[in-house]
Structures are given as C-alpha cells and as structure tokens.
Amino acid sequence: MNAFKSLFVFTKEQRKGILLLLLIIVTLQCIYFFVDFSSQEIVVDSDELKKYEAKIDSLRLVQIKSRKPRLYPFNPNFITDYKGSILGMTNEEIDRLLKFRATGQWVKSTHHFQSITKVSDSLLNTIAPYFKFPERNINVSNKINDLKRQKTASLVKKKDLNTATAKDLQKINGVGAVLSKRIIKYRNRFKGGFTLDEQLKDVYGLKLEVISNIKAYFTVKTPARIKKIDINTANIEQLVTVHYIDYEIAHNIVEYRLSHGNYKTLDELKKVKDFPASKIDIIKLSLSIR
C-alpha cells in the first residue's frame with residue numbers, strides 16, 4: 001500500500017513542472033478556440049488568368065511545331081509507309097503508290113502522282129513544292145521498257161520446248177543423243193508436256209550450264225493444262241496425283257490441315273514435314289485454295 005502511495009508523492013520541483021505543463025496546455029487550448037487561423041481569401045483576376053493561359057497555349061503550339069519533322073526536297077517515287085504517314089497520306093494512298101512502283105514504273109510529275117495515289121488537292125498543294133523528279137527516272141523508265149521489248153522479241157524467237165524433237169535439242173551445245181531422248185522421255189511423263197522451264201532441272205544428268213543453253217533457244221510456250229486440286233478438301237489419293245507429292249507427303253499435308261485448320265496460302269505447305277519446298281512453284285500449278 002505504501003508503495004502505491006509513493007507513486008503520487010512528488011518533490012517541490014516536480015510539482016512546479018506539472019503546474020507549468022498544465023498552464024501551457026490551457027493556454028494552447030485558449031489560443032485554439034479564440035484565435036482565427038484561417039487564411040485570407042485569395043482574389044484572382046480572371047482577365048489576367050485568361051491572358052496567362054493564352055500565353056501558355058501559344059508557347060505550347062510553338063513547341064509542338066518545332067517537334068514536327070522538317071520537309072526537304074525528295075523524290076516521291078521513294079515514299080515509304082513511314083514517309084507517307086508523316087506527309088499525311090492514308091494507308092490506301094500509300095498502297096496505291098507502292099503497287100504502281102512494284103510494276104517497275106516511275107511517277108513522272110505532280111499530276112501523275114495525284115492520278116495514281118488519289119490524294120486530295122489540299123494535301124497535294126502542301127507536299128508538292130517538295131517534289132523533286134530527277135531526269136534519270138525518265139531514262140531508267142525508258143530502259144526498262146526497252147528490256148521488256150527485247151524480252152518479248154526474244155520469246156518470239158524461241159521454239160516451244162513441248163514440241164521440240166530430239167534432233168532440235170541436239171543442236172544445243174552439251175545435248176547429245178542420250179540427253180535429248182532423256183528430255184523427251186521425261187516430258188512425255190506429263191500429260192501435255194512441261195508446264196515450266198524449271199522442270200528441266202529434274203532431268204537426270206542435265207547440268208545447269210546445259211539447261212541455260214537450252215533455255216536460250218527453247219521455252220514452254222504451250223504449257224500443259226492442269227486441273228487444279230483444292231488443297232483444303234483434297235484427300236490423300238487426289239494429292240498423290242500431283243507431281244513431287246508421294247503418299248507420305250500427301251499424308252503429312254492432310255495431317256497438317258487437320259491439326260492447324262485450312263491452309264490460308266499455298267506457301268504454307270512449306271511448313272509441312274518433308275515437303276519439297278524447292279519444287280513448290282511447280283506444285284502450286286496443280287493446287288488451289290477456294
């Protein structure tokens with residue numbers, strides 16, 4: 001009991017400290033209740049604020065314009081997807097230009113550019129001042145047309161590989177009696193003969209140099225008519241009728257279709273196990289996708 005009472009016995013200094021603490025607490029409470037600490041209301045000049053916001057917006061526009069890529073004179077024949085998007089062209093307009101260029105032709109003038117791409121007048125007026133058409137483009141275009149004419153003339157002079165006789169073939173350097181008969185025998189394996197010049201590579205003993213000599217004077221002018229088979233509905237028995245496809249490959253083609261769904265392109269056949277990818281150009285002549 002005496003120990004409990006001792007907890008409430010203070011010295012003179014302790015009592016003074018407690019009294020001072022109580023006095024501080026009371027003083028702070030009075031200040032809290034009677035003194036107004038709220039800040040004064042801030043008055044904003046709306047006109048000045050609008051002027052300030054307008055100045056900020058103008059500075060932002062200047063910064064945005066400074067970040068835009070600068071245009072320099074360029075040849076519109078070499079516009080890429082990225083370049084076209086920067087200029088403001090749509091994907092369709094860019095695709096029209098790229099499709100036209102893929103034919104080996106050149107855009108020769110601003111009007112020609114618009115007729116091909118179908119860009120609007122407003123966009124054309126914006127980008128046309130930067131167009132630069134080198135004179136060499138016209139010369140290159142003329143050279144390409146000359147090469148096409150030469151190729152056509154050369155094709156006319158060549159004889160049909162599907163009607164060539166053994167004696168005709170023996171006139172070619174490197175083709176003797178044995179090879180000429182072997183070429184015709186291989187050609188007769190197909191109803192209607194060869195479909196492509198590339199099939200000469202499958203003739204046993206025929207070297208690439210000799211094939212090149214043959215193709216200089218002969219080409220397939222009357223390719224064999226082929227009834228195409230739908231790759232997405234064909235069964236194994238139908239597929240083995242296609243040259244270069246045996247039962248194992250035909251089975252793998254069907255299995256791949258069952259596992260991955262219908263083929264979307266004929267080039268997808270390259271993913272089939274053991275498929276002769278090097279012969280796909282010839283194989284595709286007998287197949288179709290419907």
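Modeller: The lining of the largest pocket is made up of six nonpolar, six polar and three charged residues. The model is a predicted one, and in it this pocket has a volume of about 340 Å³. Of its 15 lining residues, those closest to the centre are Ile-226, Thr-241, Val-242, His-243 and Ser-286.

Tyr-244 belongs to the loop between α12 (236-239) and α13 (247-260). The phi of Tyr-244 is near 80 degrees, a positive value in a residue other than glycine. Most residues other than glycine have a negative phi. A positive phi also occurs at Asp-274, where the angle is near 65 degrees. Asp-274 is located in the loop between α13 and α14 (280-283). With a relative accessible area of 46%, Asp-274 is partly exposed, because that value falls between the limits of 20% for buried and 50% for exposed.

Helix α5 (residues 91-102) packs against helix α6 (residues 110-117) at an angle of about 110 degrees, and their axes are 8 Å apart. The angle therefore makes α5 roughly perpendicular to α6, since the range for that description is 65 to 115 degrees. On the α5 side, the contact involves Glu-93, Arg-96, Leu-97 and Phe-100, which meet His-112, Phe-113, Ile-116 and Thr-117 of α6. By residue type, this contact comprises four nonpolar, two polar and two charged residues.

Conventions
Residues numbered from 1 in each chain as written. Predicted model: local features only at pLDDT ≥ 70, side-chain atom pairs only at ≥ 80, totals over all residues. Heavy atoms only, no water. 1 Å grid on protein atoms, 1.4 Å probe; cavity = no way out; pocket = protein on both sides within 12 Å on 5 of 7 lines; lining within 4 Å. Points joined across faces, edges and corners; volume = space filled by probe spheres on them. Nonpolar A, V, L, I, M, F, W, Y, C, P; charged D, E, K, R; others polar. Axes fitted to C-alpha atoms, helices over the stretch in contact; angles between N-to-C directions. Helix = DSSP H or I, 4+ residues; strand = E, 2+ residues; numbered from the N terminus. Parallel < 35°, antiparallel > 145°, perpendicular 65-115°, else oblique. Contact = heavy atoms within 4.5 Å. Buried < 20%, exposed > 50% of the residue type's maximum accessible area, 1.4 Å probe, protein only.
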